[in-house]
Amino acid sequence: MAIFALVFIFLVLVFVCNAISTIVRKYLRATLTALDDIPALGVPRGKGLKISGTAVVCGGSIGGLLSARPFMTLAVRKLFPNFDHEVVKAGARVVSADTKFHVAGVPIEAPWHQYTANNFPTITTLTRAGLETLLRRLVLATCPNVQYVPGTVIALVRSESSADAIDSVRVRSREGEESNIPATLVIDCTGPARGGFRWLQDPSFTSTTGTEQQVSPLPLDALKHTYDPKMAYTTCAFDVPPALMSPIKALGFPEDFATVGLLYVSTADPSTDSRNVIIGMKGESSVQFACGGWDVRERMTSIADIKKFLSEMVVLRPVPDWIFRLLELFEQEQVPSTYVYARCTPTVYIQYHLARNIPSNFIAIGDSVLNLNPVRGQGCTKACVEAVTLNSLLIKCAATPTGNTKGTGNLLPKDFSRNFFDLQAKRTGFLWDTYKSEDYAWKTTTPAKGDSLDTGAWKRAYGKAFLRLATKDRDVSAVFWNAANWLTPPIELFSLIIILKLVWMQVPGCFGL
């Protein structure tokens with residue numbers, strides 16, 4: 001009987017642990033990702049469920065367009081049913097999201113085993129400029145209540161009826177004429193220019209009434225944090241003519257070159273190197289090599305320079321031979337090429353979630369809040385997550401009418417801005433610490449005020465061990481891939497099973513094996 005009792009207790013404990021794990025995972029998924037908000041995208045709201053007034057989106061970036069009509073890769077076909085067709089019309093491809101990611105030349109496999117060939121997540125080969133153009137056209141074509149106003153925002157006008165709200169946005173047209181646009185909601189999507197941060201420093205917002213400060217209990221400058229990873233890249237683009245597609249297929253590339261997106265991506269092991277390379281298609285026929293990294297000063301101006309860069313990368317597995325053969329073919333056929341060198345700007349994070357008295361109808365999205373180094377290409381996805389988050393909050397506000405309804409003032413809840421920035425910090429703000437801890441691995445990085453390059457050392461050690469395990473364990477590599485693509489909460493990287501696997505991986509070294 002004692003044995004049966006122990007078995008019963010064990011089964012009950014297993015059931016309880018699984019139940020708790022399920023509840024916690026659902027909570028983390030709902031809090032740390034925007035996945036559960038996707039079904040609400042593009043769903044028309046009934047009469048009386050819309051918020052009255054005008055949302056003024058300042059900026060024409062990806063974030064700005066997505067705020068006008070929230071967008072996310074997983075939901076784009078729902079929002080724009082003809083999106084794939086439009087991508088092809090724009091001269092690009094819709095391809096699998098397999099990034100061909102390597103760490104020091106060692107591959108981390110995409111989780112093909114978790115999907116069928118027909119439902120593996122996809123991306124496009126549109127350039128950022130091409131994507132912005134397409135989204136702008138689709139938004140204006142499908143949203144009759146969206147108006148594009150050329151000009152420059154020069155100031156925010158504080159509401160007279162509600163001290164903690166914005167009444168309107170002052171705009172200067174291309175002809176130099178100024179006018180005010182009434183605003184129920186103001187969305188800063190000005191990117192690295194961070195217009196909203198500058199506008200809020202106007203005396204009308206920073207002045208005090210009695211003992212109350214109108215903008216923030218912290219000075220605005222205290223909300224701004226920055227560090228400089230000192231990264232630079234040369235983007236080398238080759239315009240491949242259709243006649244070369246067949247010769248390219250014969251070079252040994254393992255897939256169909258005519259339908260692929262990313263070709264090869266390798267990031268450096270900071271203990272041995274600082275060079276990265278990203279090779280992929282842009283548009284339908286342009287092959288791009290992005291060669292650069294941390295404190296990389298070489299400027300590519302020829303195919304010989306690219307070969308030299310690739311040959312000098314410190315990798316555990318050599319760069320595939322077909323890449324060098326591809327470059328030789330481009331050189332032999334004199335394929336038209338361009339070389340653009342750029343130094344990355346410092347990383348900046350405006351921590352609006354710490355400013356409790358920001359105007360209640362002001363929010364900021366995308367690079368206007370946090371810009372990152374370009375290694376992992378998270379910028380557009382970050383803006384997507386934040387736009388989907390905004391959509392879900394607006395739906396909740398419409399379902400529970402609150403706020404001041406006088407004049408053109410604030411029709412949103414008094415805590416709308418605070419709720420948005422708090423959720424934004426949870427869903428995308430973690431990237432600040434993640435990227436910072438990675439970039440601090442290179443001694444050439446200038447750390448943020450109050451930090452040293454030792455800040456985040458334990459995260460770097462964990463990350464290095466995790467990536468090493470991911471090159472050997474496809475279940476761990478699947479967690480990495482899904483987290484990197486915002487398909488699972490990043491906390492999954494620290495699950496108990498992964499920690500146990502990491503400990504087990506260290507056992508042979510402990511015994512000198």
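A polar contact is a pair of N or O atoms within 3.5 Å; within protein, one must be able to donate a hydrogen and the other to accept it. Keep that in mind for Ser-266 below. The model described here is predicted.

**The whole protein**

Start with the overall picture. The protein has 513 residues, and 46% of them count as buried. Its secondary structure comes to 17 helices and 19 strands. The protein exposes about 25,400 Å². Carbon and sulfur atoms supply 59% of that area. Now take contacts between residues at least 6 apart in sequence. Of these, 72% join residues at least 24 apart.

Ser-266 sits in strand β14, which covers residues 262–267. Is Ser-266 buried or exposed? Its relative accessibility is 1%, so Ser-266 counts as buried.

Which residues does Ser-266 touch, leaving out those up to four places away in sequence? The list includes His-102, Ala-104 and Gly-105. Arg-275, Asn-276 and Val-277 are also on the list, as are Met-313 and Val-315. With Gly-105 there is a polar atom pair: a polar atom of the Ser-266 side chain lies 3.2 Å from the backbone nitrogen of Gly-105. Thr-99 is 167 residues from Ser-266 along the chain, yet the C-alpha atoms of these two residues are separated by 9.9 Å.

**Cysteines without disulfides**

How many disulfides does a search of the whole structure find? The search finds zero. A disulfide needs two cysteine sulfur atoms within 2.5 Å. Cys-291 is in no disulfide either; the nearest cysteine sulfur belongs to Cys-236 and is 4.8 Å away.

| Residue | Relative accessibility | Class |
|---|---|---|
| Cys-58 | 2% | buried |
| Cys-291 | 1% | buried |

**A nonpolar patch on the surface**

Now move to the surface. Which residues form a nonpolar patch there? They are Val-12, Phe-15, Val-16, Ile-20 and Val-24. Together they have about 440 Å² of accessible area. One of them, Ile-20, is found in helix α1, which covers residues 2–32. Ile-20 has a relative accessible area of 49%, so Ile-20 is partly exposed. The cut-off for exposed is over 50%.

Technical notes: Residues are numbered from 1 along each chain as its sequence is written. This is a predicted model: local features need pLDDT of at least 70, side-chain atom pairs count only at pLDDT 80 or more; totals for chains, interfaces and linings use all residues. Side-chain values use heavy atoms; hydrogens and water are left out. Buried means under 20% relative accessible area, exposed over 50%, partly exposed in between (1.4 Å probe, protein chains only). Patches are made of residues with over 30% relative accessible area and no salt bridge: like charges are joined within 9 Å, nonpolar side chains (Val, Leu, Ile, Met, Phe, Trp, Tyr) within 5 Å. Accessible areas come from the Shrake-Rupley method with a 1.4 Å probe; for residues, only the protein chains shown count as cover. A salt bridge is a side-chain nitrogen of Lys or Arg within 4 Å of a carboxyl oxygen of Asp or Glu. Helices (H or I, at least four residues) and strands (E, at least two) are DSSP runs, numbered from the N terminus. Contact means heavy atoms within 4.5 Å.
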